[in-house]
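Trainee: Could you take me slowly through one part of this structure, and then show me what lies around it?

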Amino acid sequence: MSQAGRIDGGLIDRSQQIKFRFNGKWMRGFAGDTLASALLANGQLLVGRSFKYHRPRGVFTAGSEEPNALVQLRDGAHQEPNTRATMVELFDGLAATSQNHRGSLEYDLLAVNDLVSPFLSAGFYYKTFMWPKAFWEKLYEPVIRAAAGLGKLSMQNDPDAYDKGFLHCDLLVIGAGPSGLMAALTAARSGARIILADEDFRPGGRLNAETLEVAGMSGADWAAQAVAELSNMPNVRLMTRTTVYGAYDHGVYGALERCTDHLADSGGKPRQVLWRIFSKRAVLAAGATERPIAFGNNDRPGTMLAGAVRTYANRYGVTPGQQVAVFTNNDDGWRTAADLQAKGVNVPVVIDSRDKPATLNLPGVKHIAGEAVMDTVGRKGLKSITLTNGKVIPVDALAVSGGWNPNVHLTCHQRGRPTWRDDLCAFVPGGELPVGMTVAGAANGSMTLASALAEGHAEAAAQLKDIGFKAKKSDIPDAEDEPRDCAAFWHVGESKKRAWVDLQNDVTVKDIKLANTEGFRSVELLKRYTTMGMATDQGKTSNIAGLAILAEEAGKTIPEVGTTIFRPPYTPVPIGALAGRARGKDFRPYRLTPSHKWAEENGASFVTVGNWLRAEWYTRDGEKGWRDSVDREARMTRQSVGICDVTTLGKIDIQGKDAGAFLDKVYSNTFSTLPVGKVRYGLMLREDGICYDDGTTARMDENHYVMTTTTANAVLVFRRLEFARQCLWPNMDVHLISTTDGWAQFAVAGPNSRNLLRKVIDAEHDISNEAFPFMACGNITVCGGVPARLFRISFSGELAYEIAVPARYGNSMMGVLNEAGAEFDAVPYGTEALGVMRIEKGHATANELNGQTTALNIGLGKMVSQKKECIGQVLSQRPEMNRDDAIKLMGFRPVDRTRKLIAGSHFLNKHDPADMDHDQGWMTSVAYSPNLGHHIGLGFIKEGHARKGEIVRAVSPVHGVEMDVEIVSAHFVDPEGERLRG
Amino acid sequence: MIINHPLLGPRDAAEFVYLGDASLIDRPDWQDEDAMDQFHAYGYLRDNPAGEHKELWYHEQGDRSWLVVTRNTLTHEITNVEIARDVARARGRDK
């Protein structure tokens, strides 16, 4: 296809031709083109189908506000839907396809929606698809989703890399148009560290799109000169292709830099970087966005904003048509006519809704004053326009200007409310701006060039002064203030045809009137009922006209109706960029136990416990399933000896003169009386009296304790102890440090545990039952002098120890223990066997300490000392928590021993109905006990011990299972505790 | 948000963990006559001011200081940051 739309001039490089594909068809453009400008150059006016009615649509704008020209970019896994063609830099081999049509773009089968449009007005979902109810999920929604909408995902993993980064600056300048460049120059010359960010790949903003002069040269040349100066300054970071999308607290801004989107291949570099910018001050110079006027069939391809037509002509050397009419309600629209004419494009007519003389004197251009366009013809490309005076004018493009809206978006991100300015017919920044932000140029309502330049300088100078820099007396370059009169003319009332307000969501003037009639009169409701201003463009071209029409209908002024405000992001941010490197295994870091390598080499499979990977069991030759391995490990441990890495339990080193007294406060039981060289089980409560965490704490020395916590709560308990130490008892002499990572710790359990350890622990340490009884602890050495700690504690209920060595010895210690244990047939065991043995012994863990249960419930009521103060002590005495029929932790076994218990089953008395009124409690933990040969369970049941021997029903409606179970002691194995003392 | 740590200077809020109302420092005396009522209020009742709020933040990814941050809940403006231990002492926490 030839570039029929190409005209002279522009900031493109005609020596660099670029080939690209649109819907499979090869086309050509030039370096410096966007996809939109290249499509227009190739005469491709039709670029997509609309959201609801599948109307043919063309490029409407030249910037990030584009509502129509959304395309699917690239192929395969790299493809990205809903990309605005106006923001895509052309590169060699670029492939784009149009969206939202069934069949070809030219012959979309779903265009039938357009014919039934009377049934698809605002709120049609709510009205039409009400009955029957079941149809919504199965029929209506899938059909609507398939018919309406935007692009499609590749459904493959995104192969691109994304990054995140942090930047700091004295002054952040957002937008590199005339006021932004001026602010940046002023700040940069003062020596302040600045960041200048612009979403475009070529800084300059409207200077690149207009024919206005600055300092006696073209605006684009002046911008290039300013950029050249800034680029050479070490205190300036110039960030093109970077959208500052959000203004957050305390001068923090979010920005998305598109690093390789303009390249055919990223070359392995991050595609986009999400920046968090910490600024002392910021100048928002985001410019303004032009808005259309609503009239009949104003959505046809070839209809475009007047400023965008100018951008295409002046910056890209492209015209959307050969006969271009201009329809405006303001002075600015006239410049489109002038610029096009200067480029040799025929402008037959300027229709100005205002009844006033021509803004510019343009020979050969007919001026029609006080009239408007009310209809158009040409389904896939404009053929003619019809005026309110009935006149039909043949044209192939129409440039529309309804005035300009300051881009106030970022000023609203801290809930600042824009205020209405009658002279501009627009909202300008108002209310409280984000801390440290000021606004300059068109974004602030200074819509003319000279005023924008002056304000950019002034705002930067004021900001600099606040943070201790002195702006040099920069010369503000000469420029003119162009005429900017604008009429409050929003839509053409004479139009009988549908007139679009929001092109992206197919919202028409009629929809807004309907919403008002049906009572959706607040702007917030209007937005949600009609969907106006939603989706990727966030109503950048449509919101104000929508408000104006609502105001007109309601007989109010626009300020009375008010405006919706904006929240981040300004333009869409890909999920990939928000995720950054945190994907796959990096999404959630995991920790390895010290013996991980040994476990891997010895057949372990692993389970995630908190952030840790722990061995869950070790598979031996011939074992067919996990039960074989777990049963063997649990059985062998009780028969001889087993070894388990328990490093993941939290370890907190507590030292200081008041360490004992401090522990008395945070544990429900007493630790100050614990002798040196002894360990005690401790139970922590929450302040509301509910159980929080448990573990053992050893007194290593007079003023030195070592606490263990559960794996899951290690961080939380530490945080809580720090709170107690700093905020509740601030004068105690007590110091904490987490040593979870410092020590590798292993449980060595079973009747042969002492015999095994005897071979490993250096001979001078006596670990006989007399010298080192149950609950003893001490510093020892192993393997010829390696420092270690030994604790005689037991989770399994067997004669057992935990031995700790500095973490760097952890992996070899696991090997040494297993080798030393070979003569006893020692087994390494994992978390599953650990769990089986603790259920056999009736020890509570997280299933029982579930945030709802008290010390009384788990059978440790006596542990809450009434003689001293501790966290949770007072509220644990609340009567409701101490009822006689309170639930108690008990053991359960199936009456039919062959049956498998189900955790979560609820207990019911024999003949009671299965409802919550008759609930007796629930099963918390179940396991198959290889030592007993049947399933066992722990659970809470009302009145507990008093009901020992009773048969109740365990019911799990979720599984559809019900069985009789017998209430027994929770201590299935060695209830008297003889083994662990032996 | 940025919290101006009294010892470490301005730090990103992501380094901190939020707890809540700084009244949690004022833990009642367990031996008071009406200790149960006081602990009930301490545990469950909070003011929810639209405006200035004193609250506890923990510098978990830092020096482990608990801080009392005075923050405006409407604007997020932070007007004061104190070491919680100093506040606790000033409020007469005895031990």
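Trainee: How many helices and strands does chain A have? And which residues of helix α17 of chain A are buried?

Mentor: Happy to! This is a predicted model, in which local features need pLDDT of at least 70 and side-chain atom pairs count only at pLDDT 80 or more, while totals for chains, interfaces and linings use all residues. Residues are numbered from 1 along each chain as its sequence is written, and chains are lettered from A and ligands numbered from 1 in the order in which they are written.

Chain A has 22 helices and 50 strands; helices (H or I, at least four residues) and strands (E, at least two) are DSSP runs, numbered from the N terminus. Of its 982 residues, 54% are buried. A residue is called buried if 20 or more other C-beta atoms lie within 10 Å of its own, exposed if 12 or fewer, and partly exposed in between, with C-beta atoms placed from the backbone.

Now to your helix. In α17(A), the buried residues are A659(A), G660(A), F662(A), L663(A), D664(A), K665(A) and V666(A). The helix spans residues 659-666, and because 7 of its 8 residues are buried, it is largely enclosed by the rest of the structure. What covers those buried residues includes the strands β35 (650-655), β36 (678-685), β37 (691-701) and β38 (704-709), along with helix α18 (714-728), of chain A.

Let's follow α18(A) to chain B. The contact between the two chains takes 19 residues from chain A and 22 residues from chain B, where two residues are in contact if their C-beta atoms, placed from the backbone, lie within 7 Å. On the side of chain A that touches chain B, α18(A) gives the most, with 6 residues. That side has 9 nonpolar, 4 polar and 6 charged residues. Here Ala, Val, Leu, Ile, Met, Phe, Trp, Tyr, Cys and Pro count as nonpolar, Asp, Glu, Lys and Arg as charged, and the others, Gly among them, as polar.

For a contrast, look at N611(A), in the loop between β32 (604-609) and β33 (612-618) of chain A. With 14 other C-beta atoms within 10 Å, N611(A) is partly exposed. Not counting residues up to four places away in sequence, N611(A) touches P589(A), Y590(A) and R591(A).
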